[in-house]
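The following exercises are to be worked through with the sequence and the structure at hand. Each task is followed by a solution in steps.

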Amino acid sequence: MEWLNDHWLQLVFVGMYLALLAWHAWLGKQRTSELADFLVGGRRMGGVVIGLSFYATFVSSVTFVGHAGRSYAFGPSWWLICVIVFTTMVLLSWFAIAPRFTTRARELGALTVPDFLGYQFDSTTIRRLAGVVVVIASLAYMVAVYEGATRLLGALLDLDPTLVTIIIFVVVTCYTLAGGFHSVVATDAVQGVILLAGGLLLPVSMVWQKGGLGPLFEAVRDARPDVLSWQPRGELAGDVTTGTLIGLALGVGLKIIVEPRQLSRFYGLANDEELRRGRWVAPVMLFATYLVMLPVGFLAHAFVTPAELGGGTGTSLTDSVIPHLLGPEVSLLGPLAGAFFLTGLVAAAMSSIDSVLLVAASSVDHDVVSPGRDAPNAVSRTRWCVFVLSAVAAGLSLVLDQGITEMSSFSGSLYAACFLPPLIVGLFWNRLGRRAALAAMVTGFVTTLAWFLMKQGGSLGSWRVLHEVYVGVGCSHVVAITMTCLRRGGSR
C-alpha cells in the first residue's frame with residue numbers, strides 16, 4: 001500500500017501510455033492480413049509519421065542512460081562528437097541513401113534488408129548470412145536497451161530489476177505481436193514527441209535547481225575542475241582517446257544508415273512525395289535531443305560524486321549516473337515531471353525494442369529459415385519468432401554485465417562492417433559483384449566479432465583502444481574493393 005501511495009502518479013501516466021499501446025495494437029491487428037502488412041505496413045505510410053518513427057526507433061534508453069552517462073567521464077568532447085556524428089548520419093540516411101534505396105526496394109519487391117541484398121546480388125547465401133547478422137546484432141542491441149530501461153525504471157519505481165525486465169518484455173512483445181509494423185509505427189510517432197519533451201526535462205531541472213546556467217557550471221567546476229575540458233583526461237576517463245570516442249560514436253551512428261530497423265522505415269513510405277515530406281523530421285528531432293540530453297552527464301558532477309555512485313571507472317560507474325539523479329538520493333525531478341519522464345523512459349525502451357524485434361523475427365523466418373517461401377502462415381511464424389527473440393534478449397540482459405554504450409556500439413559496428421560494402425557501396429557502385437559482397441560480409445563479421453571478444457578478454461594490450469568499428473569496416477571495405485578491382489566487376 002505504501003508503494004502505491006508513493007508511485008500512484010507515475011502509474012497513472014504509464015497506465016495512460018499503455019492504454020494507447022493497446023489501442024494501436026488493436027488497430028494494427030485490424031489492418032494486418034498478409035506478410036507485407038505485418039512487416040512494412042503495406043507500403044502505405046506517410047512521411048511525417050515515418051520520420052517520427054525513425055527518430056523514436058534510434059533514440060532509446062541507451063541514449064538516456066548510456067550516452068548521457070558517458071559524458072560524466074568524458075566531458076563535452078563526447079557530447080560534441082555524438083551530436084556531429086549522429087546528425088550527419090541521419091542526414092545522409094534521409095537525403096542521400098533513402099531516395100535510391102526506396103526506389104530499388106520497390107523494384108525488387110523487398111520486405112527486409114537481407115532479402116534486398118539477396119535479390120540485389122541474386123544470392124540466397126548472402127540473404128541467409130545477412131539474416132544471421134541481423135539476429136546477432138539485434139540481440140546485442142536489445143540486451144543494451146533492456147539493461148538501460150531496467151536501471152532507470154528500477155530506480156524510479158523502486159522495483160526489482162527482474163520484475164522490471166519481465167514487465168517490459170510482456171508489454172512490448174504483446175503489442176508487437178498484435179499489430180506488427182502498423183502498431184509499431186503509430187506508437188513510435190507518439191513516442192517521438194514524448195522522447196523530445198522528456199529529453200528537455202533533466203537539463204532544465206538542473207539549471208532550475210542551481211539558480212541558473214552560470215551557478216550550475218560553477219558547481220560543476222568546483223566538483224571536478226577538468227570535466228569541462230575538451231580533451232578527456234583524469235582517472236574517470238581511463239585510457240580513452242578522442243579516436244576511441246569517435247569509434248564508439250561511429251559504432252552507434254553508422255547504424256542509422258545500415259541497420260535494418262532504421263532502413264525498414266523507408267519500406268513503409270507510400271511514395272517519393274512522402275519521403276520528401278518527412279525527411280527533415282528525424283534529423284531535427286535527433287539533433288535537438290542529443291544537443292540537450294548528453295550534457296546532463298558532465299553537469300551531473302554538480303549533484304553526485306563518483307564515490308556516491310560506488311566509485312571506480314568505466315561503464316559500471318557512468319551507467320549509474322542518470323538513475324542516481326532520478327532516484328531518491330537526488331530526486332532531480334518533482335512528482336509531476338518525474339512521472340512524465342518515466343513515461344518517456346518507457347517510450348524510449350519500447351520504441352527501440354519493438355522495431356528491433358520485428359526486423360530480427362522477420363529475418364529468422366523470411367530470410368534464414370525459408371528464403372523465397374511466402375507460405376500462408378508466414379505471419380504466424382514471424383510472430384512466434386518475435387516472442388522467442390524477445391524472451392532471449394530479456395534473459396541475456398539479466399545475466400550479462402556489459403556496458404550499455406559498448407553493447408549498442410558493438411551492434412552498430414557489426415552492421416556497419418557487414419552491410420556498408422554490399423548495401424551502401426553496392427547501391428551506388430554497380431561494379432560490386434556477388435563474390436566480393438559475400439567475402440566483405442564474412443570478413444566484416446569475423447573481424448568485428450573477434451576484435452570485440454579479444455578486447456573484452458584483455459588480450460590486445462595497447463591495441464584495445466582501437467575500436468572494433470575501425471577494424472571491421474576497414475577490413476570489409478578492403479576485401480570488397482580489392483576483389484572487385486581484381487575481377488574487374490566480377491560476376492554477379
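**Aromatic rings and buried residues**

Ring pairs join F54, W94 and F266 into a cluster. The model used here is predicted.

**Exercise 1.** Classify the ring pair formed by F58 and Y290, and state which helices hold the two residues.

*Solution.* A pair of aromatic rings is described by the distance of the centres and the angle of the planes. By the rule for such pairs, the count comes to 15 aromatic pairs. For F58 and Y290, the ring centres are 6.3 Å apart and the planes stand at 40°, so the pair is tilted. F58 belongs to helix α3 (residues 47-58) and Y290 to helix α14 (residues 281-293), so the pair ties together parts that are 232 residues apart in sequence. Both F58 and Y290 are buried.

**Exercise 2.** Determine whether T173 is buried or exposed, and describe the polar contacts of its side chain.

*Solution.* Begin with the location: T173 lies in helix α8 (residues 161-210). Next, consider accessibility: buried means under 20% relative accessible area. T173 has 3% relative accessibility and therefore counts as buried. Finally, examine the side chain of T173, which reaches the backbone oxygen of F169 at 2.5 Å and makes a polar contact with the side chain of S390 at 2.8 Å.

**Exercise 3.** Which residues are in contact with S264, leaving aside neighbours within four places in sequence?

*Solution.* S264 is found in helix α12 (residues 260-267). At 7% relative accessibility, S264 counts as buried. With those neighbours left aside, S264 is in contact with F181 and V359.

How values were computed: Residues numbered from 1 in each chain as written. Predicted model: local features only at pLDDT ≥ 70, side-chain atom pairs only at ≥ 80, totals over all residues. Heavy atoms only, no water. Helix = DSSP H or I, 4+ residues; strand = E, 2+ residues; numbered from the N terminus. Buried < 20%, exposed > 50% of the residue type's maximum accessible area, 1.4 Å probe, protein only. Polar contact = N/O pair within 3.5 Å; in protein donor to acceptor, adjacent residues only side chain to side chain. Contact = heavy atoms within 4.5 Å. Phe/Tyr/Trp six-rings, centres within 6.5 Å; stacked < 30°, edge-to-face > 60°.
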